[in-house]
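Subject: Structure handover

Hello,

Here is the structure I promised to pass on. Please open it and keep it beside this email while you read.

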Amino acid sequence: MSRIGQIASSVAVLALAGGALLIPSVAGPAALPGDSGNVGASDVRVTPAQVVLSCPAPLTEAIQDESAEPSSDDPSSAQQSFTLTESRADALTEASAIDARGQEANAAAPRASLRGSDPIAVVAQVAAPAWPSATTIIGAVPDASPGAPGARPAGAIAQWTPSGDLRGLTAGTCVPPSPDQWIVAGSTEPGNASEVVINNPGLTAVTATVSVYGSILATEGENTDVIAIAPGATQVVPLGALVPAESRIVVHVETDGGYVTASVAQNSLDGLVPIGIDLAPAGDGPGNVQVLPGVAVDGSAIGDERGALLRLLATDGDANASVRLVTASGVQPLRGAQEVPLTRGQVTDVSLGDVPAGEYAIVVAADGPVVAGAKSVRRGGTISSTEGSLSVDVGTSGDFAWVQSRRGDQDDGRIVIPVPSQVSGTLTIVRSPADGEALLAAIARVPIVGDTAPESAPATTSARITAYDAAGTELTTRQLELDLLSPAAIDLASLGPAGSVAAITIDVPAAAGERFDVALVAGAPQVEGSIAVLQPVSSAVEPVTIPVVRGPLG
């Protein structure tokens, strides 16, 4: 049994509706003799439970529609890198195959493990060929006292393939499972294949309902599938069977009470030319404000099917959305999209064609709940078809990455970003108001690109950026001034020697009414024109107290 499995746990597990309810032990005042008639409330400290994260499954097999010919891609050509961090001192954290949890035989060989330290402990490795299954991270603090903080693990995986139909880069952070998830990504048009990938890192079976929204308004129950996911298993739902030939897709995954992680795997071909792969994670749920950091635009013309785009869905009723592209120089107008009418349940795509090439933050404010995502794109090199001594150029390759609206882990003012080995990239941070009306007011004060700055501007906020290597040694620390709605970008190469940055922490003030959205726009130097976007998530378990009322029973 692994070290995590040997930790004496005070957690009881109660199976409920296919899920698991964790009941930590509590410590509070003991009952006194003669106290049976007294009624009163006491705050009781709770022992921290384990923290479970699920990492993206690998793309070691071709994702293709039913009419496609079998792919000739060799899965062994895919390479994978993984970084695991733990920033809670004395916490023990392990990463294992998804089916290893609770199984004595498999649990003896974790894929990675470490003991936490302050400020951070890091382990990084490369797997070639890629691991054949998804990864589960479990963090716990042995012998933790009631009221003590829990483990704080974080992980990220990258996978790249230099050639073949799956040419490109996918990367993602490991996320806590949830009973309700929205993923804005996917297409089943000819040349595209998309699947919903659902991981169940828990110890009990879960039933999940997969609902798919497209460009045509569906009736209730249409485009829906119900599946059972065994404990420690991964299930795949081909989207082509639910919404064939659909270019605009949003997926909603709900469970019967259990906890899973869901993502949308997509790969695209233009004839014989591979033009991208991605494994899009779930983002924030419906809200009136959505912020998408680190959206890469390649300068394509409007109407270019390979160009970048913004995708929106109103979830509760018809809505009007206001869309702005924001750079460090100000607001970039998006012609024809300052106001976007949305019909409930019908997906809308907004082209980012004719927008100058670069990286942007997209800010969406609506008068009703919406979900939002954006497709970032890059162009690669020329693809040739060779037969004998004859070689013919067949087109230009590319890659894409779906960006979700996802707030970083900032409950205690710290955001942790694990950086997979052998990827380069740019870190983008966006500070914005969390309230929709305040957001619109702030946008009105940001100058249009090329205009003069407004007479008054909101105060800046200082953030501390610290980079660490694979041994957890600090490489550099920088102070960064963050203006409201002014994305700040830092090249990883400026934080340490090439390939040395394995983790980044961002310390920001926990200001009420503000949010900080972070994205690492990454590329694999081995694959020209590759792109992936990593966005941090919250995994911190802070000290918990619960009120307990003592008194007579009955």
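Start with confidence, as this is a predicted model. Among the elements of the protein, strand 13 (residues 180-184) has the highest mean pLDDT, at 98. Strand 1 (residues 12-16) has the lowest, at 32. Over residues 3-35 the pLDDT is below 50. The model still gives that stretch 63 contacts beyond near neighbours in sequence. Where pLDDT is low, the predicted coordinates should not be read in detail.

Residues 64-73 also stay under 50 in pLDDT. For them the model has eleven contacts beyond four places in sequence. The protein as a whole averages a pLDDT of 83. Of its residues, 82% score at least 70.

Next, the aromatic rings. How many aromatic pairs does the structure hold? One. It is made by Trp182 and Tyr213. Their ring centres are 5.8 Å apart and their planes are at 25°. Planes under 30 degrees apart count as stacked, so this pair is stacked. The pair links distant parts of the chain. Trp182 is in strand 13, while Tyr213 is in strand 15 (residues 206-213). The two residues are 31 residues apart.

Is Trp182 buried or exposed? Its relative accessible area is 8%, so Trp182 is buried. Tyr213 has 25% relative accessibility, so Tyr213 counts as partly exposed.

The charged end of Lys375 sits over the ring of Phe400. It is 4.7 Å from the ring centre.

Now find strand 11 (residues 153-161). Nine of its nine residues are buried. Both faces are covered. On one side are Pro153, Gly155, Ile157, Gln159 and Thr161. On the other are Ala154, Ala156, Ala158 and Trp160.

Which strands pair with strand 11? One is strand 6 (residues 79-86), joined to strand 11 by eight bridges. These two strands run antiparallel. Look for Thr83, which stands opposite Ala156 in strand 11.

Another is strand 12 (residues 168-173). Strand 11 and strand 12 pair over six bridges, again in the antiparallel sense. Here the bridge partner of Gln159 is Thr170, in strand 12. Strand 11 and strand 12 form a hairpin, with six residues between them. Gly164 is in the turn and has a positive phi of about 90°.

Best wishes

Notes: Residues numbered from 1 in each chain as written. Predicted model: local features only at pLDDT ≥ 70, side-chain atom pairs only at ≥ 80, totals over all residues. Heavy atoms only, no water. pLDDT = per-residue confidence, 0-100. Helix = DSSP H or I, 4+ residues; strand = E, 2+ residues; numbered from the N terminus. Contact = heavy atoms within 4.5 Å. Phe/Tyr/Trp six-rings, centres within 6.5 Å; stacked < 30°, edge-to-face > 60°. Buried < 20%, exposed > 50% of the residue type's maximum accessible area, 1.4 Å probe, protein only. Lys NZ or Arg CZ within 6 Å of the ring centre and 35° of its normal. Pairing = 2+ DSSP bridges.
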